[in-house]
Amino acid sequence: MNDVADEDVERWVAAAGWSAAPELTPMQTLLWRAERHPVQSSTSTVVIDLDRAPDWDRFVAATDWGTRLVRRLRQRVVEPVVPTAAPTWADDPTFDLAYHLRRERVADREEMLVHAAQIALRPFDRTRPLWEGVLYEGMPDGAAYVLKIHHALADPLGTVQLLSMLQSGRRAHTPRKPLGDEAVAPVEPHPVDLAVTGLRTDVASLPETALATARRLGRAAARPQVVVASTLRYGASVRRLLTQAAPPSPELSPRTGRMWTFLTLDAPLEPLRSVARLGGGTLDDAAVALVLGGLRRYHARRDSPVTEIPVGVRVSLDRADDLGNRFAGALISGPMSIEDPVDRVAAVRGEVLSLHTERALEVLDAAAPLLNRMPSVVAASALRTAEAPDAFVLTLPGPPRRRYMAGAEVQGMYVLGPLPGAALTVCLVTCGDTACVGVNVDASAVADLAGLAECFAEEVAAFSA
Amino acid sequence: MSGLSTAVTEAIEAIEAGPQGPSVAAFFDLDGTLVAGYTAATFYGDRLKGRDVSPAEFLRTVVTAVDGELGGDPTRIAHVAFSAMRGESEEAFADLGERLFRSKIAGTIRRESRALVMAHQRAGHTVAVASAATKYQIAPVARDLGVEHLVCTRLVVEDGQFTGATDGPMLWGRHKASGVRAFAREHGVDLAQSYAYGNGYEDVAFLSSVGHPTALNPHRDLRAAAARLGWPVLDLSDPVGGSLLAAGRTAVALAGMNAGVGLGLAYGLARGDLHEGRNAAIRLATHLPMALAGVSMNVLHQERLWTHRPAIFVANHQSALDIPVLGRLLERDFTIVAKKEARWDPRAVVGSVVIDPAWIDRSDSHSARATLDGVVDRIRSGTSLMIFPEGTRSATPVLGPFRKGAFHLAAQAGVPVVPVVLRNTGELMRRSSLVLNPGVVDVCVLEPETDWSVDDMSERIAALRTKFEQTLARWPA
């Protein structure tokens, strides 16, 4: 028992140091400023199934402890008055846990999922810490905790990491849990000061920037063919990334992005992994293949044959097989005519790896700092230039073994991502020996929601066979 | 220049150490992988020369090609070409493929790619060419490499004519990958154990469908992807093209050959000994031009050239360079048997003055036999004979069948046969080329074989040919 507690403490100490940067990164800034909720949203929602309703007081106390351990949960974003600098994190002096955490009663799990989707659709108060949690009680089999979190605070990967870090390895209460440094809250920065400081930094670095630009132009003038050729190649790559994937499926339209419906399903992890192995792919590839298989069944059921659809995937910019830290989103053509799951995984694998030949894969990362100096309308439309896929698919590593929250056992953890133009966003979270699949569906684009859920369940069975 | 690079040798050793048998496959891309350059460009160049292309079609082709380079659909160019072939005869196109193979494409097969193919064949692997090209481009290359399977784009043929459409997708990018996976299912191939070699940026999906992908002379974007994906990269040397400099040196070398002959004969006349004059002319006429052209030799078992004289020297034949190379090796007291038609070949005419060949009229067997009787007498009196038993130059290093003539002569004259294996003369001077490129010629003299008789001649010839093949496949250290 002591071992478990030690492991918990170690993890909690690590959580205290989680995401301590004072400013938003260029990419976070871009998403923050370009946000147009809910159509261009950066909100993820996590649904956590619990085996019983935890003691409310203990749950509140544990959450309070969590916000003290991870200071970011008590901080808000302060924007400079003009976008000369990145937004900063600052402690919220008016932080009130009761504003962020509450409990509700529902009759069953379906009702809880409807509520969760409604919570997700409501925009955040951007002047407060960017999270909201609701504990649902009254269900016949256990309870559920729904946590909504903004992308600037944590992307889906970070959210799952954070939750895995905060949960406990045992059911019993752990007294004297560690806390983060009782650091004095940073002085509340004034938006005007922020803008001025940013401008001052810009002006100070101006001669240097000018010199560097001049030098670069000089070098370009000396070798015009090389520069022209590499610019053309980069442009060609951007063009391929932005256009060539597949025509969107007519069966998955019209999309409004304003009617979110949450579906969850469980898949045993081992068969999924072995299909991935047989197809020479990773779990990510298998997740994409699983989604494509479900959609293939759905299209067959609706008598609407489609051979390929555009799918948004995440590509590691480091070595492909490692779980690196740098990712880029990109579109692939998802094969819809392959019946065999193994062959489908192999096809998806080929599509995803082919993205590595694109030199412009990091184009948005590269453009983010520049876009951030522009009015937010420009940034918002830059994010929209890429054609939206029919589905986004994302795989996230969750806790490797059983976890508890205030005495209640975690039975499943589902991430429901936003719908930026897509008909579906699917997140697969590994929880112990199960893959918890959360599907956010644009209800205006899918005519037969129950049918879609059945198709996904059938495909999970096909993967397990 | 000679031999295989360390990286290729290591790759071949890994193939030999790995699993063997037909359940392991090796897939080779064609353009840029097995051959240097694009076979489609060779075909298109031929169309342009033949004025088969209207200005409108040409413009459309260029625009489509440029658009493909700038991020548009890169397969459209091929579809433009396929639809332009509408109504053409399949047979004529296949013939064109054979003709272009002999005249152009054969010379662009990479030697080290061939070595990789052969390594997989020795391991008993299922070897296939997987390419977006059509079988008219691939089949001659595959046949030359002894590759049986093609995974390629198929064109629809009706009543012996192309319809301009493809049968199924063009096997480019993802479609090549799915073609390879379908082939694996049909042939019981275990892809996780298999190998694939490709060079294009579109080959990532194809390469990723096997357990052992190799980026071979990769396009810059594939090179970047291979680095990220941790795939091995092999950079093979390209067949030497005729550079302007090489052409100039060839001209100087030809002049050197003539000068050598003249000097040698003058020397002989001055000494009043035509025999010695001839030998001197041979030395000068072979040493001078090869030195001038920057060609040197690396000879294994040189001593075997001298232990059994007079003898019949048999060698494989790929290039016009073979004759001066053998001349330099044999140095003195030898002649050749040549077909009568070659008598007026400008490259042979000077040499023929010195070595006094026995000209054979193949169309007249009576006169041929008479000539050969004369040759037997010359051999017995001490003049060795140099013969190419394949009879004609091969377009590639693949051996042709051996004719029996040389061995009959050995039996009649009662002299041994000394086999001489020439490795890369075809690379330094291509079959139909007049240009000699600088480099090192690899020569291996095999064990001389004595006591030839008619009884077991066929078996011995077959065995000897196998020795040639083995030596070419695995060059002795």
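Visitor: Why is Val82(A) called partly exposed?

Guide: In this predicted model, Val82(A) has a relative accessibility of 44%. Val82(A) is situated in the loop between strand 2 (75–78) and strand 3 (88–91) of chain A.

Visitor: What makes Val82(A) part of a nonpolar patch on the surface?

Guide: A patch takes residues with over 30% relative accessible area and no salt bridge, and nonpolar side chains are joined within 5 Å. The patch consists of Val81(A), Val82(A), Val192(A) and Val196(A), and their accessible area together is about 300 Å².

Visitor: Why is Asp303(A) called exposed?

Guide: The relative accessible area of Asp303(A) is 68%. Exposed means over 50%, so Asp303(A) belongs to that class. This residue lies in the loop between helix 11 (283–301) and strand 8 (308–316) of chain A. Its phi is positive, about 60°, although Asp303(A) is not a glycine.

Visitor: How do you know that Asp451(B) counts as exposed?

Guide: Asp451(B) has a relative accessibility of 68%, and the class requires over 50%; Asp451(B) is therefore exposed. Asp451(B), not a glycine, has a positive phi of about 55°. The loop that holds Asp451(B) runs between strand 14 (439–445) and helix 19 (457–473) of chain B.

Visitor: What is the omega of the peptide bond that joins Arg309(B) and Pro310(B)?

Guide: Omega is about -5°, and the bond is cis. Pro310(B) is in the loop between helix 13 (304–307) and strand 9 (312–315) of chain B. In chain A, the peptide bond from Ser253(A) to Pro254(A) is also cis, with omega near 0°. Pro254(A) sits in the loop between helix 9 (224–243) and strand 7 (260–268) of chain A.

Visitor: Which residues lie nearest the centre of the largest cavity, and what is its volume?

Guide: The largest cavity has a volume of about 430 Å³. Its lining has 28 residues, and Ala62(A), Thr63(A), Trp65(A), Leu166(A) and Met405(A) lie nearest its centre. By class, the lining divides into 16 nonpolar, 8 polar and 4 charged residues.

Visitor: Which helix gives the most to the lining of the largest cavity?

Guide: Helix 3 of chain A does, with 7 residues. Among the elements that each supply at least two residues of this lining are helix 3 (56–69), strand 6 (143–150) and helix 6 (156–166) of chain A.

Conventions: Residues are numbered from 1 along each chain as its sequence is written. Chains are lettered from A and ligands numbered from 1 in the order in which they are written. This is a predicted model: local features need pLDDT of at least 70, side-chain atom pairs count only at pLDDT 80 or more; totals for chains, interfaces and linings use all residues. Side-chain values use heavy atoms; hydrogens and water are left out. Patches are made of residues with over 30% relative accessible area and no salt bridge: like charges are joined within 9 Å, nonpolar side chains (Val, Leu, Ile, Met, Phe, Trp, Tyr) within 5 Å. Accessible areas come from the Shrake-Rupley method with a 1.4 Å probe; for residues, only the protein chains shown count as cover. A salt bridge is a side-chain nitrogen of Lys or Arg within 4 Å of a carboxyl oxygen of Asp or Glu. Helices (H or I, at least four residues) and strands (E, at least two) are DSSP runs, numbered from the N terminus. Buried means under 20% relative accessible area, exposed over 50%, partly exposed in between (1.4 Å probe, protein chains only). On a 1 Å grid over the protein atoms alone, a cavity is a set of points where a 1.4 Å probe fits but cannot get out, and a pocket is an open set with protein on both sides within 12 Å along at least five of seven lines; lining residues have an atom within 4 Å of a point. Grid points are joined across faces, edges and corners, and a volume is the space filled by probe spheres set on the points. Ala, Val, Leu, Ile, Met, Phe, Trp, Tyr, Cys and Pro count as nonpolar, Asp, Glu, Lys and Arg as charged, and the others, Gly among them, as polar.
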